[in-house]
Amino acid sequence: MQRIFYLMKKEFKQILREKLFISLIFLAPLGQIIILGFAITTDVRNLNLAVVDADHSSMSARLIESLSATESFNLVCILDSEKEALREMDNGKIKLAVVIPKQFERDLKNGRQPQVQAIIDGVDGNSAGIAMAYIGQISRKLQQEWMQKTGVSNALNQDLRLVEIETRMWYNPSLESVNNIVPGIIAVLVMMITAFLTGMTIVREKENGTLEQLMVTPITSMELMLGKVLPLVIVGFILFNVGILGAGIVFGLWMKGNLFSLYLMAIVFMLSTLGLGIFASTVSQTQQQAMFIAWFFMIVALLLSGFFIPIENMPDWVQALTYLNPVRYFMVIIREIYLKGTELLYLWKEALAMLAFGLATIISAAVRFQKRMS
Amino acid sequence: METVKIKNNSHSVIVEALTKKFGGFTAVNNISFRVSGGEIFGFLGANGAGKTTAIRMLCGLLMPTSGQATVAGFDVYTEYEKIKMNIGYMSQKFSLYEDLTVRENIEFYGGVYGLSRKEIREKTDYLMDYLKLWDHADDLTKSLPLGWKQRMALSTALLHDPDIIFLDEPTSGVDPVSRRNFWLLIYELAEQGKTIFVTTHFMDEAEYCHRLSIMRDGLIVELDKPGVLKKKYNAENMQDVFMKIVRGGKGQD
Ligand SMILES: Nc1ncnc2c1ncn2[C@@H]1O[C@H](COP(=O)(O)OP(=O)(O)OP(=O)(O)O)[C@@H](O)[C@H]1O
Ligand SMILES: [Mg+2]
């Protein structure tokens, strides 16, 4: 216990004295939040869609056909009521529902404006915004087609809006993709800094020969590992809060959910990232190597996390792979808690999966570390 | 120098046919010797002769491939944890934390060796007096001259008051005055009954050792008092002895 205390104390001093580490901890997060937050947009494919058809007319059928013909949407089911659609959305089965009202065809033919409603799960603000634009396009095209058929003169074309898209946004009213990206960035930050610093601070002792000096002291490799990793848990935690504050101040995006739930999940998440750092240190001789190895794994994990590319847009076999990726689960958790205020209770599956992968990562890295030391 | 009395005659280090192979390469080949308590035992040899490898095995940092060795009565294969409590080790590479101050280094190593806060404070005061480092107590270690660093490294390796001290080229790169000061420290420790195991490339330092072993290509080719070796090789000084031995082999130097 005493040894771990002295190790931690020493570690903090060293981290605070190293300019590189300090800038990694404080400048990298803010820079990333700002740059990525403003720059990232993504494409939408295979968004799960349900249509509520209350009209059952040839025109409603035509609308459904057009919606399912595009690659952007994946028509999951046709339902009878809006209520059912909302339930499916809450269950996560669909991201988007299009409601065609009764008398849709009659209203259209009579030149009245039927209200077609689109309901979008706005948690993934990026996809939601783009999906809306697509629906708008499709409906405009149909509008033209129908106007020619019903013989409404082209002169009136401009003024008549036969199909009105009314969007009822859930959870993310502003629809800015920033809202979706920013919690993701906070996750990325915690991941990068903890994995990098763990790898680098351990390998630095190898490079400087201090590790050899430590190995002739009665310190056990378990104590050594804890003494190395615990300070970084605290650093990661501080960083996490810097990220939360940054998101609030720069983008006005404050968390909807429970802060302590998110803290708890962040710590579970760090099991994997610290494990990655420890692993990198066991296969590297220099700090650069450790950084590179950690970097490589992080990029793969990020690509498969749904951060840049929505998981629905990936080929099936890649989607299957993402289930092995702890970052995937944290992305869901942090977005849900941040944007929807979802309670932890409803995220138990993700939390459990993340815990399992986190433990597996850190335990196997620790075992490897132990072996290398003795 | 061979007139200097060895204080205590129990063997602190016993090595029998110790061997270390890295793959097909034999770095330490079947070496045997005994070192008594209070003895200053020198390890000489060209670069790559196997000195560091031998020391690392004795410190419990490296598993031998074959042979036997005990340090302070503990077996290097099974009781290396106990060995660690009884030895001090200064590795060939300077290994205090350069980005910690002198005081912080002492505090850290003291804490790691299980000293209480009070003991750490006392040791710090003592070492600052002893090394005359009060003016630099709160300077970063990297700002000190190498000679001071080495004396400090030795002092930190002694915080837990070990009986056996392994020093791997403690004076390489150090100016002559500092080297002399360092050896005065070594003598003082031997006077206290501590066993010193030291490697060096300086032949004048070799003369200060009670006994010398000279390694070549992993083998110990000579092991005796400096005076005896000089007579045997009909040499003026250790430099000549060393050159005659090293030329005899296919060593890299
Ligand atoms: N971990 C290792 N793996 C493979 N070979 C090694 C290893 N450690 C040392 N060697 C080799 O063993 C030989 C002896 O090395 P050692 O460091 O013990 O020599 P030394 O006598 O201490 O030399 P120097 O005076 O340069 O410090 C060298 O040829 C070295 O390359
Ligand atoms: Mg050496």
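These legends describe views of chain B and of its interface with chain A in a predicted model. Local features need pLDDT of at least 70, side-chain atom pairs count only at pLDDT 80 or more, and totals for chains, interfaces and linings use all residues. Residues are numbered from 1 along each chain as its sequence is written, chains are lettered from A in the order in which they are written, and side-chain values use heavy atoms, without hydrogens and water.

**View 1. The fold of chain B.** Chain B has 9 helices and 10 strands. Helices are DSSP runs of H or I with at least four residues, and strands are runs of E with at least two. The C-alpha atoms fill a box of roughly 50 × 40 × 35 Å along the principal axes.

**View 2. Inside chain B.** Of the 253 residues, 55% are buried (under 20% relative accessible area, 1.4 Å probe, protein chains only). Take contacts (heavy atoms within 4.5 Å) between residues at least 6 apart in sequence: 68% join residues at least 24 apart.

**View 3. Charges of chain B.** Chain B carries 31 positive and 33 negative charges. Lys and Arg count as positive, Asp and Glu as negative; His and the chain ends are not counted.

**View 4. Where chain A meets chain B.** Here 25 residues of chain A are in contact with 29 residues of chain B. The two chains bury about 2,400 Å² between them (accessible area, 1.4 Å probe, lost on being put together, summed over both). A:Y6, A:Q213 and A:V216 supply 27% of the area that chain A buries against chain B, more than any other three residues.

Conventions. Buried means under 20% relative accessible area, exposed over 50%, partly exposed in between (1.4 Å probe, protein chains only). The place of a charge is taken as NZ of Lys, CZ of Arg, CG of Asp or CD of Glu.
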